[in-house]
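Open the structure in your viewer and keep the selection tool at hand. The stops below go from the whole chain to single residues.

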Amino acid sequence: MCGIVGYVGAGAGMDVVLEGLRRLEYRGYDSAGVAVLSDDGVLQVERRAGKLANLEKVLGDRPLAGSLAIGHTRWATHGPPTDRNAHPQVDCGNRVAVVHNGTIENFEALVAGLEARGHERRSDTDTEVVAHLVEERYDGDLAAAVRGVCRDLEGSFVLVVAHADEPDLVIGARRNLPLVIGLGEGENFLGSDVTAFIGHTREARIVDQDQVVELRRGGVTVTDLDGTVVDGESFHVDWDTAAAEKGGYEFFMLKEIQEQPDAVRDTIGGRLTAEGLLHLDELAMSDEDIRGIEQVVIIACGSSYHSGLVGRYAIERWCRLPVHVEMASEFRYRDPVVGRNTLVVAISQSGETADTLEALRHARAQKAWVLAVTNTVGSTVSRESDAALYTRSGPEVAVASTKAVIAQLAAMYLVGLYLAQVRGTRDPDEVRAHLRDLQSIPDLVTEVLSRMEPVRALAGELADAPRVLFLGRHVGYPMALEGALKLKELAYISAEGFPAGEIKHGPIALIEEGTPVVVLAARHALSAKLVNNVQEVRARGARTIVIATDGDESVTPYADNIIRIPDTKSLLTPLLTIVPMQVLSAAVAMAKGLDVDQPRNLAKSVTVE
Ligand code: M6R
């Protein structure tokens, strides 16, 4: 949570930093701010509550000149989202400016000490203490001052610091949260992720745990907290600027929904052998280790958790292994039974979700083998896992996840098939056949996307619904959960997903005349039972919107609206049913005039527990 940018170079610092903040705004949008160092050594700070647009408006009228700048877009933790709590935070003399992502857990003790030593607090943030602590420690060596402060801090943080006396130096530091260096020519960058500087350079280096970066125009030095220089590898970012821009769409999410055929294609692509089987070298497990697995545990949050639920059906079916899917935020509290023969799969688009990270750390401490399924190369989840299987959906900017989730689904099918292939629970011909089915999915997703006009037309009718229910059986159940989550987070409608068979045990009491119920009735062996469930809810006044397979007329008499998807194997239907639910949620949000990319109270990467 929170997006951070730092820049030192020859360009207009304010513009570079604002461009980075625009790309990082998905990480939080409670307030935004910049500090720009003028050529005559004045640290000019501007910050505003609310979205970045508020700040941009002020800076449009009063631009800040200077070629060294830092900036921040906030998801509030300590203190409400007001101007005074926006970052950058400054010290008593306005000579130190700090932007911060994370939570400083010992900040109250630090505040007490600072106040006793005469510092005046001007915000409710934990961040401000860092500015005062740097002020106290600074004696001409900003890097040393920040290193000293970091040693005193407890909790998680990314800090980027500028000082009025340092016209060629921006300092970055991190613990537990991500910070990436962008390496340019005569200019260098810091960002919460590579999108912060992708318009300027695609050469990047990850900052590791408890490292401090000295960013100058002529180069970059990274040290540990003792000041010892540490080497590190740079990497080339494949994404280009177009991937991180709207490309003519009104919202990123609309573009990302359309990119889903490629997200699936790219995630599968390059992972097949000439014989039509799978090679997942990324798994980094020997065949013997794979054959020794006794259970699979999947940990994830939100939509990634729903991908994990689908993965369970695939792995259990194909591999005959017990699979448990756990919400990462609850995993460690149960004292879960995992060990050396457990494969833990941590699914996370961002690779930075604090709950997932803590869960995987717990699993590793129990000696489990941890595989990350993530969209973010070099993310903390990938680096702390034994191996990483990257989904290849490109940068996802909209807070509500779409193309990353469909890529996770594809990745989970790959994991299931690979385990089956190596363990011999499915013969090679069957694995090949399933892979061929998977390879046909991108074209089918394109087909689904071409049929979405009637779905958009439903939006106006659903916009005023106080509640919407989603029902599914088998793999339709996790997708019911996903459909409900999308509608909740985008359209602020109370939406719940249920196993269709479960509603008669209670939730059916929610149904009133006209209650919209979305039923995921794509072809599978249980569709006869689903038809019964549709009848049950309709008999009680529900307005039924049914997602059904082409040619399946069994449900037609009981559907007020039918959304058709092409036929595919029942286990793979989530890759198709997910699309209309995304389109519907976005359309309802638009009908209500809401911000589709940045729903209220949310942030894309949830780096607090
Ligand atoms: O980056 P992650 O996949 O770990 O994020 C997990 C959830 O926070 C995320 O899926 C969230 O539920 C999205 N807002 C869903 O659209």
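Start by colouring the protein chain by domain: domain 1 covers 3–244, domain 2 covers 252–439 and domain 3 covers 449–591. Keep in mind that this is a predicted model.

Next, select domain 2 and domain 3 together. Their C-alpha centres are 26 Å apart. At the boundary, 25 residues of domain 2 are in contact with 24 residues of domain 3. The two domains bury about 2200 Å² between them, and 74% of that area is on carbon and sulfur atoms.

Then select Lys-569 and Asp-437. They form a salt bridge, with the closest N and O atoms 3.1 Å apart. The count between domain 2 and domain 3 is 1 salt bridge. For polar contacts, the rule finds 8 residue pairs across this interface, both residues being at pLDDT 80 or more.

Which elements give two or more residues to the side of domain 2 that touches domain 3? Select α6 (252–258), α7 (260–268), α9 (302–319), α13 (403–423) and α14 (428–449) to see them. Stop at α9, which supplies the largest share of that side, 9 residues.

Finally, colour the side of domain 2 that touches domain 3 by residue class: 16 residues there are nonpolar, 7 are polar and 2 are charged.

Definitions and conventions:
Residues numbered from 1 in each chain as written. Predicted model: local features only at pLDDT ≥ 70, side-chain atom pairs only at ≥ 80, totals over all residues. Heavy atoms only, no water. Domains from an automatic or database assignment. Contact = heavy atoms within 4.5 Å. Buried area = accessible area lost by both parts, 1.4 Å probe. Salt bridge = Lys/Arg side-chain N within 4 Å of Asp/Glu carboxyl O. Polar contact = N/O pair within 3.5 Å; in protein donor to acceptor, adjacent residues only side chain to side chain. Helix = DSSP H or I, 4+ residues; strand = E, 2+ residues; numbered from the N terminus. Nonpolar A, V, L, I, M, F, W, Y, C, P; charged D, E, K, R; others polar.
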